[in-house]
Amino acid sequence: MACDDREPLECVRQWFRLHDWTPFPFQEQVWRAYLAGESGLIHAATGTGKTYASWLGPVLEWLRDYPAGPRRKAATPPPLRVLWITPLRALAGDTEAALRAPVEDFGLPWTVQSRTGDTPARIRARQRDRLPTALVTTPESLSLLLTRDDAPALFAHLELVVVDEWHELLASKRGVQTELALARLRGFRPGLRTLGLSATLGNLDVARDALVGLHADGTPRAGRIVQGLVPKALRVDALIPETMERFPWSGQIGLRLLPEVVAAIEEGRSALVFTNTRSTAEIWYQALLAARPDWAGIMALHHGSLDRSTREWVEDGLREGKLRCVVCTSTLDLGVDFTPVDRVLQVGSPKSVGRLIQRAGRSGHQPGAVSRLTCVPTNALELVDVAAARDALEAGRIEARRPIERPLDLLAQHAVTVAIGGGFVGDELYHEVRTTNAYRDLTPAEWAWVLDFITHGGDALRTYPEYRKVVVQDGRYVVTSRMVAMRHRLSIGTIVSETSMKVQFLRGRTLGAVEENFVARLRPGDHFTFAGRTLEFVRVRGLVAYVRKSTTPTSIVPRWSGSRLPISPELALGIRVKLDEARRGIYAGPEMTAVRPILELQAAWSRLPAPDELLIERVRTREGHHLFFYPVEGRLVHEGLAALFAYRIAQLRPISFTLAANDYGLELLSGDRAPIDEALEAGLFSPQHLLHDIPASLNAAELARRQFREIARVAGLIFQGYPGVSKSVKQVQASSELLYDVFARYDPGNLLLFQAYREVLERQLEHSRLGRALERIASGRVLVVEVERPTPLAFPLLVDRAREQVTSEKLVDRIRRLVAPLEKAADASRSPRGGGRGFRSGASA
């Protein structure tokens, strides 16, 4: 497309018209800001043009600065001008294609390539000599580029860094890794512009500040927030079972809604069926294929443990409209443009408003189209989640993403990266990293500790040469050992997962990978389902599990490590509001109407809590004395609260508890009656002394020992092995625990130990959120209700605890025996309170 002598902006508008598009006002706002030298955050709905809002700024700049000859193809393309950071390797190919289209149409002499762990070796070899004009990469691959000793020259012409899906990186160590890399690049290019792209964020100011960083004097860099003004219609509904049991439990509905899911898929041309876990995706894929065998070949499975070639085949099939349905996990949450998809289903609770928006946006992934998401509940109470999420969505309450602060393991890794890439002067790098949001409060003492750690291994490891990775020469910290440099490059990054084993046919291709712990439980001849197939396990050789196809039915599906997602604070608040509406007799919407019998029975046997109330139910069964608490704050918070409450009650009187927790509440089960009234008077819900009581209640030292595996790997204390010969999970864990014990005994001031404790509190127990929950409870009312039998809200907790018990009887049979007398009592119950006696205890905890 020739621009002739037209003004560049008009030329770009003409390009839009040729594609039957019209630039949105926010896109032109971003272009003007870029041309004025500004950085910032673009926040707009999925599928409304964020990519071209950021990409066409550099194109306009080139058209403006080089109006004639240089726009034509040249023998030598311009050096690297634009760096595009994506959180997923899977997005690189789509992004590369989207960026290349206007380059080719305008006849720019630019090259556009990607560089990730999936990039072929021949392309990486060419990039060692010369990078393209625009490079799509990941935070890890960018850090690898910073290990080159010619890094300053490599980025000497860089004009723009775009960080795609910034909300996905922001609240993780990968986000901090990105901040450190940006600070390094700004050191090379002080006028560098940075643009972040996001669709689901509740704290835009914080996200913007973390992206653009600070000046050397600690003042924030200027950065604007551009809100996409394009309205994006989102429709959220749910499939509702014809019959609704009054005593719900996790997984209760199972595959009962399979016919309705099939019918929903048939409504559109192409559908995505999201699940919250890889195991659930495998189960639903098999069920759908059994229900519709004629979909073989036009239905597929997609999750992160499948072989890359399989995932790419699925993505191409979606893009080209060849697939009727794909069952997937979060691997298809982000960025990938599948225009043919017009139907999205979510199996299980969406868990957060942002996740709901993100997944709904996979359908109608184009401006003006309606995005629709249909939730498929796995138990009745998830219908309350759906109703609450829809209300939060309509009110614009989207979750905030809180950045991580001062992870010293990653800072040590980054310091070694820079030491390999030409070296650094200590004070200069200290001031550079303090321009990041993550390390703005880094103290000189902490930096001195990091320098000592990378040069000597700290106090405890000072006599071991392998931990002296960096040496000081002429005042510069450098790496002189080729072995240290090679092992560091192989270990760069913050993603730490269980050791995986390839699953491969005896004579054939690789299917994907499962965790070593799963394979260790298999015996030759065992059958399991993986990659949408039924397989027979044959043998293990090295880190490969060999299998053959099988037709033997099996219910065994690999389980992958990783915690179950808790509901977000915004969704928890929405659920408490919906429960309060039910307490007042308001059942708005089909989902709340469907669960009305359950909640009315809850109110009859006990009560439904108001927003400023904490309901505690006390009941005795053959198992013992139960206390059920319903803060409705999410499973991780409830796990922490359960341990905290048990610890504080036990300080009053010797007593042992068995604990259970879910998103709605928690259970304390004891052989003797717990002194709950005495505990309330003693400050059971006090937010004071949490930093003492939580570690004391949870054996935090053991949790920290487990968490230390990740920290030790990121900090470079443990090398996980060369490609194809990785260490086993047991070997890595044993090494990290040995180091933890050495530090605890001989170097108790080691800052990585304190980081391990901090990460346990925040990541595993959501310590900050737990404290806010206690403050909310303490400022309200506490209601203790004596009930004759477990209520509908208590029953899911009973079942969750039963899952963890070692027993030979089937869980479903056991649940059936548990629920039978409760259903009989519910049928017989006619009085408003069902015989339960309630009383208020401790007006303010």
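Okay, let's start at helix H26, residues 690–698, where the buried residues are Leu-690, Asp-693, Ile-694 and Ser-697. Buried here means under 20% relative accessible area, exposed is over 50%, and partly exposed is in between, with a 1.4 Å probe and protein chains only. Helices are DSSP runs of H or I with at least four residues, strands are runs of E with at least two, and both are numbered from the N terminus.

Quick word on what you're looking at: this is a predicted model, so local features need pLDDT of at least 70 and side-chain atom pairs count only at pLDDT 80 or more, while totals for chains, interfaces and linings use all residues. Residues are numbered from 1 along each chain as its sequence is written, and side-chain values use heavy atoms, with hydrogens and water left out.

Back to H26. An α-helix has 3.6 residues a turn, so residues three or four places apart point the same way. What do the buried residues of H26 pack against? Three partners: helix H24 (635–652), helix H29 (751–764) and helix H30 (767–778). Contact, by the way, means heavy atoms within 4.5 Å. Just after H26, Asn-699 takes a positive phi of about 50 degrees.

Now Thr-791, in the loop between strand S25 (781–786) and helix H31 (795–804). Buried or exposed? Thr-791 is buried, at a relative accessible area of 0%. Setting aside neighbours within four places in sequence, Thr-791 touches Phe-247, Gln-602, Trp-605, Ser-606, Glu-617 and Tyr-630. Its C-alpha is 9.8 Å from that of Leu-599, which is 192 residues away along the chain.

On to the aromatics. There are 25 aromatic pairs in the structure. Rings of Phe, Tyr and Trp (its six-membered ring) pair if their centres lie within 6.5 Å; planes under 30 degrees apart are stacked, over 60 edge-to-face, and the rest tilted. Take Trp-15 and Trp-21: ring centres 5.8 Å apart, planes at 80 degrees, so that's edge-to-face. Trp-15 is buried at 1%, whereas Trp-21 is partly exposed at 37%. Trp-55 and Trp-110 are also edge-to-face, because their centres are 5.7 Å apart with planes at 75 degrees. Trp-55 is in helix H3 (residues 50–65) and Trp-110 in the loop between helix H4 (90–106) and strand S3 (112–115), so the pair ties together parts 55 residues apart in sequence. Trp-55 is buried at 0%, and Trp-110 is buried at 4%. There's also one aromatic cluster made of Trp-15, Phe-16, Trp-21, Trp-31, Tyr-52 and Phe-106.

The charged end of Arg-193 sits over Tyr-34, 3.9 Å from the ring centre, and Arg-539 lies over the face of Tyr-546 at 5.4 Å. To count, NZ of Lys or CZ of Arg must be within 6 Å of the ring centre and within 35 degrees of the ring normal.

Last, the whole chain. How many helices and strands are there? The protein chain has 32 helices and 26 strands. Of its 845 residues, 58% count as buried. Among contacts with a separation of 6 or more, 75% come from residues 24 or more positions apart. And the C-alpha atoms fill a box of roughly 90 × 65 × 60 Å along the principal axes.
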